[in-house]
Amino acid sequence: MSATTVDRDRTATRTGSLRRRRTWTTVAWVVAMVALTAVILYPLAWMVSASFKPTAEFGANQAFLPENPTIGNYFKVLEGVGGVPLWRFFLNSFILASLSVVGIVISASLAAYAFARIRFRGNGAWFAVMIGTLLLPFHVLIIPQYMLFRRLDLVDTFVPLLLGKFLAVEAFFVFLIVQFIRGLPRDMDEAARIDGCGHWRIFWLIILPLIKPALVSASIFAFIWSWNDFLGPLLYLNSPDNYPLPLALRVFNDQTSSSDYGATVAVSVLALLPILLFFIIFQRFLVEGVSTQGLKG
Amino acid sequence: MTIATHAADAATDPVRDRARGGAPAGAGGSAPAPRRRRALQRREDAAGYLFLTPWLIGFFLLTAGPMLFSLYLAFTNYSIFGKTEFIGLDNFARMMDDEVWWGSVRITLLYVLVGTPIKLLAALAVAMLLNYRSKGTGFFRSAFYAPSLIGASVSIAIVWRAMFSTGGPVDSSLRIFGIDIGGWVGIPALILPMMILLAVWQFGAPMVIFLAGLKQVPAELYEAASVDGAGPLGKFRNVTLPMLSPVIFFNLLLEMIHAFQVFASAYIIGSGTGGPAGATNFYTVYLYTRAFTNTQMGYASAMAWVLLIAVGIIAVIMFRTSNSWVHYSGDKR
């Protein structure tokens, strides 16, 4: 056997073991990921499974799956609470979330265009102020805002929950769209300027169509945050007719949780369902939006 | 990617413009040019403030105005009923003697200072695991991100409470290991771990940002480190951590500010009472109770300003110390 064949043999076994090691790390990686996914999604799976357990099984049947699965919990919760049917809470949540989306898309894109594309004096200073509000704890504002809306006799209406959305108060959305507009090449709007287009037409005809992806992510976040919002409705809405889902859930939880776990969990599932569907449909958009804009959800 | 560089970016724009507008005419050479530029600048100003009008109204009406007003309220005994009097620093002095307030400070600080690092460590670890491979990660990334979207909702708080109650999945799995503590919800000492677990469960949002940061670390740096004989740990310490430090800074700042404001989960898990034994009486829950259950809005405003100042101090400390641990690579944008 010559020296060269020994060498070749050796390199062959080395690449072979390397490949084998790579396969093993891949297998270990996949196993770790699947295990992690199981742990992370467990609460959701448990919730769905528990919503089909008859209330008597809570605490008694500690297995993951119900012994006698029932959809009774769901029928029970359709009645709602305090004489208000469940669909009413869904409707309220839906109205609030949709109007939030409309308000935020309009107001945040206007402000974002000003910050990103108009060279007005004070741009930098106002932009810094806007970023500052991003870090401001919301709780400093709730008392005076409440007094303001009380004075205006708007408590127990949707106005206090929506006005801020139409005035771009949440800086997150402005920042998200500013980032997106800054990423767009300027040649198109500069050409339009030379042709004599004003800012309004540039915004409307050029920028707005181009920032659709950012508007989609902003809309999804706006919808989900409004859908989940608890503090706002808790502050402003008093009559059960106006309750969105989170407030209704809280009443359910306080009134029935000790006696009727099944029903409480079933309502929770129903309240999360639209968001989970939203997420499954738009997840790419959302996750990519978060990572490219460098902001959290 | 950081906010600060963008603010600085934007700040230079108008200055540059003004300099250009005010400079003696260059290419044009004649007198009308600067005047025309000035007119142009005025038109830019008008357009800018027109587009900014909704935001400006919102800022003054719903942010700056209320902020100043709450500062004023902090020095009064304002309550919805009764006469309002200026009481100086009384609210703050009372706070120092308020044991419930100290309890809420303690629990909130523990939550922020213990929960946030754990959450970020989990986020970084999983992001590195995900970054280990380039293909087939999309599903996992989305699955891990999902809790961030729903974690703060009332539904999840209810589920969390049920999961940690007697006979719930946590209790029954602990029993397999012979640990019998029953329901966590009734035991004050276990509320904080339960809340921290809920926060850590939502590690997906910072994870996605870490992942984006990891993807931007140039591969050459790792190769160079390998040539220098660095092992995996050395690469992590000398390449990954410094390159990732701006993202760590960003995540740490936002997550801490976020954690101070936790409300819905604590409120639901404690049924709005702050119980058991004040264990769910997080700062914002106590603030809400003082303001809207006891209608002591002056006192609550003082509390809100203490929160604001605390958050401000933390932000300032972080920005001040960032020079020594946040590494910005050469590409100034």
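I take a nonpolar core as a set of buried Ala, Val, Leu, Ile, Met, Phe, Trp, Tyr and Cys residues joined through C-beta atoms within 7 Å. Buried means that 20 or more other C-beta atoms lie within 10 Å of a residue's own, with C-beta atoms placed from the backbone.

The model is predicted: local features need pLDDT of at least 70, side-chain atom pairs count only at pLDDT 80 or more, and totals for chains, interfaces and linings use all residues. Residues are numbered from 1 along each chain as its sequence is written, and chains are lettered from A in the order in which they are written.

**Core.** I looked up the largest nonpolar core and found 161 residues. Ala108(A), Val174(A) and Ala218(A) are among those with the most contacts inside it. Helix 3 (residues 86-117) of chain A gives the most to this core, 13 residues. Helices here are DSSP runs (H or I, at least four residues), numbered from the N terminus.

**Val174(A).** I left aside neighbours within four places in sequence. Val174(A) then has contacts (C-beta atoms within 7 Å, placed from the backbone) that include Ala108(A), Met130(A) and Trp55(B).

I checked residues 212-228 of chain A. Of the 17 residues, 14 are buried, so helix 10 is largely enclosed by the rest of the structure.

**Helix 6.** Pro160(A) and Leu163(A) are among the buried residues of helix 6 (residues 159-166) of chain A. Ala168(A) follows this helix, with a positive phi near 55°.

**Interface.** I found 72 residues of chain A in contact with 81 of chain B. Helix 13 (residues 261-293) of chain A gives the most to the chain A side, with twelve residues.

Note on methods:
A residue is buried if 20 or more other C-beta atoms lie within 10 Å of its own, exposed if 12 or fewer, and partly exposed in between; C-beta atoms are placed from the backbone. Helices (H or I, at least four residues) and strands (E, at least two) are DSSP runs, numbered from the N terminus. Two residues are in contact if their C-beta atoms, placed from the backbone, lie within 7 Å.
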